[in-house]
Amino acid sequence: KFNLDMALSSTSLRRCVARARARGKCGFRWALYTGARAQRSISTSSPCETKFYQTAREAIGGIKDNAKLLVGGFGLCGIPENLIFAVKESGVKALTVASNNAGVNEFGLGILLQSRQIKRMISSYVGENAEFERQFLSGELEVELTPQGTLAERIRCGGAGIPAFYTPTGYGTLIHLGGAPIKYSSSSKGSVEIESTGREHRVFNGQNYIMEEAITGDFALIKAWKADRSGNLIFRKSARNFNVPMAKAAKVTIAEVEEIVDVGSFEQENIHLPNIFVQSVVKGERYEKRIERRTVRAKSPTEAKRSKEADMREKIIRRAALEFKDGMYANLGIGMPMLASNYIPEGMSVTLQSENGVLGLGPFPFEGEEDPDLINAGKETVTVVPTGSYFSSDDSFAMIRGGHIDLTVLGAMQISQYGDLANWMIPGKMVKGMGGAMDLVSNKDTKVVITMEHTAKGGTHKILEECSLPLTGKNCVNCIITEMGVFDVHPEQGLTLVEVADGISVDDIRASTGCSFKVSSELKPMGQV
């Protein structure tokens, strides 16, 4: 006699039943019997199937030409630097690599670009990697640019066995419509050999969504802080980022770690990645842990000579800071938007979120206190407030796409009169990638504020009837703040000038704006914190 419910729930019994189907009724009785025996003999120990290697080169020995690799990290934070170097030394080529970005010219995945071992990159951001951009624009490298949150979710779904999903991110852009360059011609400058295909579109509850397919890989190369001897992993601070979803979506996950500890060294509830997702572990031989943008604050304020441009940016930033409200969750883009955090009014509580997996950003560290495992989305060294937390990239974008962020402040190359935004590429000339921007503007419950100079160099208009550059988002901008004034933006009624800067007339603004706009009957001076 045995507990039938318990037996039916066991994996062993299900396997027995599957093997016994051909035996008919007697076979089922046999399956119950053998399954019950298996249930009684289950061991209380957990056999470890994770292999531990002595060197990174041994760990990546199974990677062959044309493999598809999923590589963790964000910028240079949390990258598997020893495994990447081992791949370079192995000489494997024609690789397809999915990773948020490709490091820098001479470090991280940048070294595989230098050695021409990568055929295609699936990334959200080119950033400051000049060789990455050069190879793409010259037709030497295929690049599938994907919004950062969509990339994280495609990988998460790949690991969860979900073949596709719908997202609002990218609707109305080249991601949705198709036609984004994947490979330029190497012989005819500017012409495109391979273009992206369009995405299926559906409407749910009155909102537009597009379908994205999951990503899986042959191997995941990830970096963790510690592994126990059964292969469970924990990560440190913002170095978790893409490492967790990458590990779940590959046939074989190879983790390099800083330390290998005995089972029980950390509590089970503190494990970030269970060993079921980890096939191989190697302790890194050495770590440089380079910091891409070492940013610090002075222990005592110094009076620096200010330029006219710096004064203009401060005027914009001080006005942007008026958008903060007590209790708000906000995400600030790279560059000028991030500086608005310096002017959060005294006594106001604003929690800053960063796409790379941080909630509760604090000020820049003092010199000597920088931590390479703690950066913001601009790859700058930061600190975290006592109430802060860390999480993986897929969780980060669940916060963003799900409308849990109240305010996002971004920069722009162009904005249309109805709130279309373009800020990620100039086809054939400059491509930085969209990063997380398409996701940040995808939820209508998040207020989108743009901070920028009113015109480009030479006085070229940036606020236009229609954007001529590829869109980041359609009808997504709510407010524009420039050194000349502030516009409210409506997706159907267009622009309304609501504030004007000192020394600037409405006619000055009309001359510097490439579309018509209304002037508020309650037009007031431009505010400043």
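Tutor: Let us begin with contacts. In this predicted model, 70% of the contacts between residues at least 6 apart in sequence join residues at least 24 apart.

Student: What makes two residues count as being in contact?

Tutor: Their heavy atoms must lie within 4.5 Å. Setting aside neighbours within four places in sequence, V296 meets this condition with F364, P365, F366, E367 and E370.

Student: Where does V296 lie?

Tutor: V296 is in the loop between β14 (280–283) and α11 (308–320). From V281, V296 is 15 residues away in sequence and 35 Å away in space, C-alpha to C-alpha.

Student: Why is V296 called partly exposed?

Tutor: Buried requires a relative accessible area under 20%, and exposed requires one over 50%. The value for V296 is 34%, which lies in between, so V296 is partly exposed.

Student: Which residues of helix α5 are buried?

Tutor: In α5 (residues 81–90), the buried residues are E81, N82, L83, I84, A86 and V87. Just after α5, G91 takes a positive phi of about 80°. Across the protein, 52% of the 529 residues count as buried.

Student: How many helices and strands does the protein have?

Tutor: There are 15 helices and 29 strands.

Student: How do you know that the protein is as compact as a globular protein of its length?

Tutor: The globule rule gives 24 Å for 529 residues. The radius of gyration is 26 Å, close to that figure, so the protein is as compact as a globular protein of that length. Along its principal axes, the C-alpha trace spans about 90 × 60 × 55 Å.

Key: Residues are numbered from 1 along each chain as its sequence is written. This is a predicted model: local features need pLDDT of at least 70, side-chain atom pairs count only at pLDDT 80 or more; totals for chains, interfaces and linings use all residues. Side-chain values use heavy atoms; hydrogens and water are left out. Buried means under 20% relative accessible area, exposed over 50%, partly exposed in between (1.4 Å probe, protein chains only). Helices (H or I, at least four residues) and strands (E, at least two) are DSSP runs, numbered from the N terminus. The radius of gyration is taken over C-alpha atoms; the globule rule is 2.2 Å times the number of residues to the power 0.38.
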